[in-house]
There are 2 protein chains.
Amino acid sequence: MDYIKDPKRIETKSMEIIAPYIEKYNLDAATAKVYSRIIHASGDVEYAPFIRLHKEAIERAKTALKKGADIYTDVEMVKTGINKKRLARYGGTVHCIIGDDKTRELAESEHITRAIAAMRIFGKNLDGAIVAIGNAPTALFEVLRLVKEKNILPAVIVGIPVGFVGAADSKKLLAENDKVPFITVEGTKGGSPIAAAAVNAILYDME
Amino acid sequence: MDYIKDPKRIETKSMEIIAPYIEKYNLDAATAKVYSRIIHASGDVEYAPFIRLHKEAIERAKTALKKGADIYTDVEMVKTGINKKRLARYGGTVHCIIGDDKTRELAESEHITRAIAAMRIFGKNLDGAIVAIGNAPTALFEVLRLVKEKNILPAVIVGIPVGFVGAADSKKLLAENDKVPFITVEGTKGGSPIAAAAVNAILYDME
């Protein structure tokens, strides 16, 4: 079994293979890194035409992260996937409360998903922070409600929930919002590694 | 913002939407659940024709899990994604040592990936266990080497690493092996939620 065992070579080779698939979009270097990492995390070059980045998303995220902004995620897998050591360099941490008792209690009493309950409990903490959603469309709908109704303004929303019920609609709403810069992927595809990859691409591109 | 907020309804509706895409494969009920959960986790109906299940994979996994078999994963995200409460009903736990010092030390001294080092350290523990790989092709190559050279025989290998360097090759090798039942997806696509979804589909189908 002869295969590449050196992590640096695997990474370099991967990015070389991905490069031709995003060439035609004429992306700046920082944006190309987000595209590459998303394709790398999914193994799916067909993501490229569906990625949507607000023009200020990367710079706003970097500025916030440098000031020590925290990251709020919908599910544990997104938290697991984010490079927390890199984030800690700037003082930030990652929060996820989907499994907390208070989240479950609110979800049960209000007949809502735990993802909605988690975002509602985060509330004002999302102001100026990075939101990273990789699983639950309902979390993204709720954050967009908080933006609209409560004027809670995250620095950036990385909103890449997945699935066939609400994912495409919630991401469309995110891309149409004019208050918060965003990174998203149109349609049903997405997931925790995709959201984490977008966040990590930005973290790896800092300093 | 009018959208479905009830988790049970979201789940049911998702599975209803996915069903027509897998109808033509004439799958038995347990296999259909694995297909559905993979498509659900990826938001990608195009997975269907590339899913490969050894005919004994599900039954062997269930038998092993009922006896309290543990699950060994390549990365933390797969561990995070697996329903550990369900697994604990039968006495099993999930192991991941990708971030351990001993794994890093072996990787550095041998110039191999940490994923290879982790599988090598697991070694004999993989005998009779469930292996779930959702990220690193090198982990899957190493497990297949342990099968071939050391006669270490997991009950089932859920091998769904992702990416452009080694993923497709390692999964092809897995599907060609005649010693261990497997669940895999041909090609470059895959990932931690996909591997976890396959494992969870089996756990949810037990008892």
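**Pockets, chain contact and salt bridges**

The lining of the second largest pocket splits into 19 nonpolar, 15 polar and 13 charged residues (Ala, Val, Leu, Ile, Met, Phe, Trp, Tyr, Cys and Pro count as nonpolar, Asp, Glu, Lys and Arg as charged, and the others, Gly among them, as polar). The model is predicted, so local features need pLDDT of at least 70 and side-chain atom pairs count only at pLDDT 80 or more, while totals for chains, interfaces and linings use all residues. Residues are numbered from 1 along each chain as its sequence is written, chains are lettered from A and ligands numbered from 1 in the order in which they are written, and side-chain values use heavy atoms, with hydrogens and water left out.

Back to that pocket: its volume comes to about 1,900 Å³, and 47 residues line it, with Val75(A), Arg114(A), Asn135(A), Glu11(B) and Tyr204(B) nearest its centre. On a 1 Å grid over the protein atoms alone, a pocket is an open set of points with protein on both sides within 12 Å along at least five of seven lines, a cavity is a set where a 1.4 Å probe fits but cannot get out, and lining residues have an atom within 4 Å of a point. Grid points are joined across faces, edges and corners, and a volume is the space filled by probe spheres set on the points.

As for cavities, the structure holds three of 30 Å³ or more. The largest cavity has about 120 Å³ of space, and of its 17 lining residues Gly190(A), Ser42(B), Tyr47(B), Gly190(B) and Ile194(B) sit closest to the centre.

Where the chains meet, 43 residues from chain B and 43 residues from chain A take part (contact means heavy atoms within 4.5 Å). Together they bury about 3,300 Å², 75% of it from carbon and sulfur atoms (the accessible area, 1.4 Å probe, that two parts lose on being put together, summed over both). Met1(B), Met77(B) and Phe164(B) supply 22% of the area that chain B buries against chain A, more than any other three residues.

Two salt bridges are counted between chain B and chain A (a side-chain nitrogen of Lys or Arg within 4 Å of a carboxyl oxygen of Asp or Glu). Asp44(B) and Lys189(A) meet in a salt bridge at 4.0 Å, N to O.

Over all chains, the search finds 24 salt bridges. Arg37(A) pairs with Glu11(A), their closest N and O atoms being 2.2 Å apart. Arg37(A) lies in helix H2 (residues 29-42) of chain A and Glu11(A) in helix H1 (residues 7-22) of chain A, so this pair ties together parts 26 residues apart in sequence (helices, H or I, at least four residues, are DSSP runs numbered from the N terminus).

Key: Helix = DSSP H or I, 4+ residues; strand = E, 2+ residues; numbered from the N terminus.
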